[in-house]
Amino acid sequence: MNQYIIRGGSPLFGEVTVSGAKNAAVAIIPAALLVDGVCRIENVPQISDVTLFFSILEELGAKVRLLNRHAVEIDARAIRSTRPSYELARRIRASYYLLGSLLGRFGRAAVAMPGGCNFGVRPIDLHVKGFTAMGARVTEGGFIEAEAENGRLHGANIYMDQVSVGATMNVMMAAVLADGMTTIDNAAKEPHIVDLANFLNSMGADIKGAGTDSIRIRGVERLTGGTYCIIPDQIEAGTYMAAVAAAGGQVLLKNVIPKHMECISSKLVEMGVSVTEQDDTLLVRRSQPLRRTNVKTLPYPGFPTDMQPQITVVLSLAEGTSIVTEGVWDNRFKYVDELKRLGARVQVDGKVAVIEGVDHLEGAPIKACDLRAGAALVIAGLAAGGTTTLENVHYIERGYEDMVGKLRALGADIRVVDVPEEPRQDSRIG
Ligand code: EPZ
């Protein structure tokens, strides 16, 4: 299993190019199944979740042709199955998007209950509510099975009981080929929601209002194909901004959309970090002590929950006491126990973390428990004195393209080592 060895304590200097957005790519790639033609997708991030989706699409009968490291051509005209294999689908949280795209195109789908990060219950009742309203019969077990009563979904008015990125995207996909108009109210407004809508419209769909809390989708007969370029990753960019804030230094982030970064930039500026916008770049600099502040994570345009672990690490080094409230997930502070092994002073009570800033962290052996927590612990290792060994880095490789390479280009002393897995101890006696 790969581990990262990080010798921290040095500031970061240089340039980093942000990759395509993971949470857009893991929706747009399954959405290609809706296209009765050829679609070319550019700025695709090179991450394991994407590679896994390519395998799933090929297994269903799509032709997937890599044009280069970041571009792919998908031809879904000859799909021969609507049941992705249990083994592949259960390894990725976003596999539920296969429901919306297969149900929307073929009127039926059966997808393994999703796996993914372990920070609390991750229900899909709002996805099911949307499909049911559009005329699908849905049964849930090891697989989620869905079938449109008359072979094709019909339009519906759907109100989301709470803001859900996944349910908004999934219902949007199911609706683009449905018979009639679908409205999604109390919709999620994240940048990747708009990106999916723009992708589908570039393939021939008719979606209006994405990015607001009310989206209208007029069903069309077929999507004919086209070319689309995925937006830059707001969370990857924010992660590198947090790394500069924690470790110090000056870094130019390239290929960003500053508007998407406002919720993150403004919080870092509150803490004494300098952020200078210019077209599609952000210059981030931290040379003075960090100031405390409070953060509450909320759906976009609020401070993103996927930046919660990273900002908590930065606040653990700020002067004074800060409070971080997790407003989206039930249990997204599991990583704090690992952060405390580096000397951080954090008390967690449910969805609230109280952070008493310390003037330095000290390296130690720690473990990642999910994607964003893993990235946050890398940031902690970069800021800490001494050496930090981080295990379970496969979580990080699901969603960050070449994090080690990008950090080394900024002067970080970080390397990957492959440590053979411990042979499982035979627990039987005798
Ligand atoms: C997406 O997850 C992201 N994953 C998550 O990012 C992100 O944390 C989350 O959106 C919020 O922004 C992908 O895009 C693949 P939700 P998703 O549906 O869609 C509740 C990362 O690090 N809910 O917006 O699963 C749910 O329990 C990952 O990249 C229901 O109750 O999140 C949560 O409290 C981690 N019923 C809230 O809504 C439902 O049917 C928001 O969940 C669906 C969700």
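This is a predicted model: local features need pLDDT of at least 70, side-chain atom pairs count only at pLDDT 80 or more; totals for chains, interfaces and linings use all residues.

1. Pro301 is found in the loop that runs between β17 (294–296) and α10 (308–315). The peptide bond joining Tyr300 and Pro301 is cis, with omega at about 10°.

2. Asn186, in the loop between β10 (181–185) and α7 (191–202), has a phi near 60°, which is a positive value in a residue other than glycine. Asp402 also has a positive phi, of about 50°, although it is not a glycine. The place of Asp402 is the loop between α13 (394–399) and α14 (403–408). Its relative accessibility is 48%, and Asp402 therefore counts as partly exposed, since that class lies between under 20% for buried and over 50% for exposed.

3. Which residues come nearest to the ligand? Of the 25 residues around the ligand, these are Asp125, Ser164, Val165, Asp306 and Val328. By kind, the residues of the shell divide into 12 nonpolar, six polar and seven charged. Four helices each supply at least two residues of this shell: α1 (22–31), α5 (125–133), α6 (165–175) and α12 (371–383).

4. For Trp329, a polar side-chain atom lies 3.1 Å from an oxygen atom of the ligand. On its own, the ligand has 830 Å² of accessible area, and the protein covers 92% of this. The ligand sits in the largest pocket.

5. Is α6 largely enclosed or largely open? Of its 11 residues, 10 are buried, so α6 is largely enclosed by the rest of the structure. Among the buried residues of α6 are Gly166, Thr168, Asn170 and Met173. At the start of the helix, a side-chain oxygen of Ser164 reaches to within 2.9 Å of the backbone nitrogen of Ala167. Ser164 is also one of the residues that come nearest to the ligand, while Ala167 is buried.

6. Arg332 has its place in the loop between β18 (321–325) and α11 (336–340). Why does Arg332 count as buried? Its relative accessibility is 4%, so Arg332 falls in the buried class, for which the limit is under 20%. The side chain of Arg332 makes a polar contact of 2.8 Å with the side chain of Asp306. A polar contact of 2.9 Å joins the side chains of Arg332 and Thr305. Asp306 is itself among the residues that come nearest to the ligand.

7. The last point concerns a strand. Ile74 lies in β5, which spans residues 71–75. With a relative accessibility of 0%, Ile74 counts as buried. Ile74 and Ile41 are 33 residues apart along the chain, and their C-alpha atoms are separated by 8.0 Å.

Technical notes:
Residues are numbered from 1 along each chain as its sequence is written. Side-chain values use heavy atoms; hydrogens and water are left out. A residue is near a molecule or strand if one of its heavy atoms lies within 4 Å of it. A polar contact is a pair of N or O atoms within 3.5 Å; within protein, one must be able to donate a hydrogen and the other to accept it, and residues adjacent in sequence count only if both atoms are side-chain atoms. Accessible areas come from the Shrake-Rupley method with a 1.4 Å probe; for residues, only the protein chains shown count as cover. On a 1 Å grid over the protein atoms alone, a cavity is a set of points where a 1.4 Å probe fits but cannot get out, and a pocket is an open set with protein on both sides within 12 Å along at least five of seven lines; lining residues have an atom within 4 Å of a point. A molecule sits in a cavity or pocket if more than half of its atoms lie within 2 Å of its grid points. Ala, Val, Leu, Ile, Met, Phe, Trp, Tyr, Cys and Pro count as nonpolar, Asp, Glu, Lys and Arg as charged, and the others, Gly among them, as polar. Buried means under 20% relative accessible area, exposed over 50%, partly exposed in between (1.4 Å probe, protein chains only).
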